[in-house]
Amino acid sequence: MAAQPRTQSYRRNGDIGPDVQVRRSARRRRTVSAYRDGNTVIVLIPDKFTQAEERDWVGRMVQRLETKRTRKFSSDKQLMNRAAELAKRYLANAVEPTSVRWVKNQRGRWGSCTPADRTIRLSHRLAEMPSWVIDYVLLHELVHLIVPGHGEKFWKLVDNYPSAQRARGYLEGVAAAASLNVDDCS
Ligand SMILES: [Zn+2]
């Protein structure tokens, strides 16, 4: 009788990427594979892997999947489609931007918008980040097209997005790390 695959779920230490579920299988010899299910990445590894091998492969596979996802909507058109999807799912289609595009001239801001003509711009630096972080910034700007400022009404709408809090933490971490680098260079 074949052994049941052993499954272990965890949130990687100090990481704010997707949740990870590792499944060990005795039938698996050398191959590792991974796929995404919602906000969880499932990594399948051979049972004989050590803890170190597991850590190594989980890191690699998560990175690979995240990069793939980010590339999926890396053009302006894909960004526009993504915004439409988010508006539908989290804002009941209450807002429809006329343009969403990547910009390179944006310093100190992840995203910006102009409610008068319903345009949104995202910093190209976001393109390297996990898609759930990009989604957060997109949704943040979409909400600004309806609600100016960061009041209670604003956050209530933004928090419709389940990973909003985690994404804010991620961006704060990136910003903090970046300014630390600047200090190191001076
Ligand atoms: Zn804002």
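Visitor: Which pattern does the protein follow, read along the sequence?
Guide: Read along the sequence, the pattern is β-β-β-β-α-α-β-β-β-α-α-α, with helices (H or I, at least four residues) and strands (E, at least two) taken as DSSP runs and numbered from the N terminus. This is a predicted model, in which local features need pLDDT of at least 70, side-chain atom pairs count only at pLDDT 80 or more, and totals for chains, interfaces and linings use all residues. Residues are numbered from 1 along each chain as its sequence is written.

Visitor: And how many helices and strands are there in the protein?
Guide: The protein has five helices and seven strands.

Visitor: Ok, strand β7: which face is covered and which is uncovered?
Guide: In β7, residues 119-123, Ile120 and Leu122 make up the covered face, whereas Thr119, Arg121 and Ser123 make up the uncovered one.

Visitor: Which way do β5 and β7 run, parallel or antiparallel?
Guide: Strand β5 (residues 99-103) runs parallel to β7 and is joined to it by five bridges, where two strands pair if DSSP finds at least two bridges between them. Within this pairing, Ser99 stands opposite Thr119 of β7.

Visitor: What about β6 and β7 then?
Guide: Strand β6 (residues 111-114) is antiparallel to β7, with four bridges joining them, and Cys113 stands opposite Ile120 in β7. The two strands form a hairpin with four residues between them, and Arg118 in the turn has a positive phi of about 55°.

Visitor: Switching to helices, at what angle do α2 and α3 pack?
Guide: Helix α2 (residues 76-91) and helix α3 (residues 131-144) pack at about 70°, their axes lying 10 Å apart, where axes are lines fitted to C-alpha atoms over the stretch in contact and angles run from 0 to 180 degrees between N-to-C directions. That makes α2 roughly perpendicular to α3, since angles under 35 degrees count as roughly parallel, over 145 as roughly antiparallel, 65 to 115 as roughly perpendicular and the rest as oblique.

Visitor: Which residues make that contact?
Guide: From α2 they are Arg82, Ala83, Leu86, Ala87, Tyr90 and Leu91, and from α3 Asp135, Leu138, Leu139 and Leu142, with contact meaning C-beta atoms, placed from the backbone, within 7 Å.

How values were computed. Two residues are in contact if their C-beta atoms, placed from the backbone, lie within 7 Å. A residue is buried if 20 or more other C-beta atoms lie within 10 Å of its own, exposed if 12 or fewer, and partly exposed in between; C-beta atoms are placed from the backbone.
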